[in-house]
Amino acid sequence: YTVLILIFFLIPLFIKGAYSLHVLILAGISIILTSSLRTIATTGQMSLGHAGFMAIGAYTSALLVTKLGLSSWAALPLGGIASALIALLVGYPFVRVKRVYFAMLTLFMGEVIRLAIMEWRDFTGGSSGLLNIPPPDSLSFFSLFNITFDSKVPYYYFVLVLVLITLLILYRIESSRIGRTLLSIQQSDFVAESVGINVTNFKVLAWCVGCFFAGIAGAVSAHFIKTLTP
């Protein structure tokens, strides 16, 4: 794994094309999004409306920066938190249904989010969307050097680090006692309940964690592409 990570860090030294780096950055964002789906899947559920929670994170971060002037480094995690809070609001009724019915509910939820963005024109721009979303603020390390996101290379390293952090967190969750509990729920709700596991709470936990990272993926995507539409 160390060698593989080192190779990824060295890629910009060999791949100079902006298009190739652009594709790699989008792939990194997609890895964050799909990894968050795996967390939900550990309970035996599948979300088909994840794009909606990605949109919540994207619009939250973009609006906090463009409308309120908040720092992008504060807005990015708040995008994930907003997605997790919405997930928590709908989580308890959602997880009471299983398998294909849960997937259908999440699909409908994603469509509700899209329609809400379309209709809330004064706030989200409606079908015209949001334009000129600023890139992440520059970073300064002890005044020794500054990192500005005016090219693809800083974005690439930012997304790469974020992917590694995401995978590490999700791996630690899955390999922990919580992760083993989630896997036991995937095997059988009834058996898990029979040994005292609160199945509903753990399903909601996995659902919220997954939606949090979907929101993070959306927020990063918004500041990278600089444009948002439903």
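**Close-up 1. Helices α7 and α10 pack at an angle of about 180° in this predicted model.** Helix α7 covers residues 152-174 and helix α10 covers residues 199-225, and their axes are 12 Å apart. The two helices are therefore roughly antiparallel to each other, since an angle over 145 degrees counts as such. From α7, the contact is made by K152, Y155, F158, V159, L162, T166, I169, L170 and I173. From α10, V209, F213, I216, V220, H223 and F224 take part. Sorted by class, this contact has 12 nonpolar, 2 polar and 1 charged residues.

**Close-up 2. Helix α2 runs from residue 18 to residue 41.** With 24 residues at 1.5 Å a residue, α2 should span 34 Å. The buried residues of α2 are L21, I25, G28, I29, I32, L33, S35, S36, T39 and I40. Among the elements that cover these buried residues are α3 (50-66), α5 (99-119), α7 and α10.

**Close-up 3. F149 and F158 form an edge-to-face aromatic pair.** The count of aromatic pairs in the model comes to 12. In the pair of F149 and F158, the rings are 5.9 Å apart centre to centre, with 75° between the planes. F149 has a relative accessible area of 7% and is buried. F158 also counts as buried, at 17% relative accessibility, because the cut-off for buried is under 20%. Ring pairs link F149 and F158 into a cluster with W73, Y155 and F224.

**Close-up 4. The rings of F212 and F213 make an edge-to-face pair.** Their centres lie 5.1 Å apart. Their planes stand at 85°, so the pair is edge-to-face, as planes over 60 degrees apart are counted that way. F212 is partly exposed, with a relative accessible area of 23%. F213 has a relative accessibility of 7% and counts as buried. F213 is also one of the α10 residues in the contact with α7.

**Close-up 5. S83 lies in helix α4.** Helix α4 is made of residues 72-94. S83 has 0% relative accessibility and therefore counts as buried. Leaving aside residues up to four places away in sequence, S83 touches F53, I56, G57, C211 and G215.

Definitions and conventions. Residues numbered from 1 in each chain as written. Predicted model: local features only at pLDDT ≥ 70, side-chain atom pairs only at ≥ 80, totals over all residues. Heavy atoms only, no water. Axes fitted to C-alpha atoms, helices over the stretch in contact; angles between N-to-C directions. Helix = DSSP H or I, 4+ residues; strand = E, 2+ residues; numbered from the N terminus. Parallel < 35°, antiparallel > 145°, perpendicular 65-115°, else oblique. Contact = heavy atoms within 4.5 Å. Nonpolar A, V, L, I, M, F, W, Y, C, P; charged D, E, K, R; others polar. Expected span 1.5 Å × (residues − 1). Buried < 20%, exposed > 50% of the residue type's maximum accessible area, 1.4 Å probe, protein only. Phe/Tyr/Trp six-rings, centres within 6.5 Å; stacked < 30°, edge-to-face > 60°.
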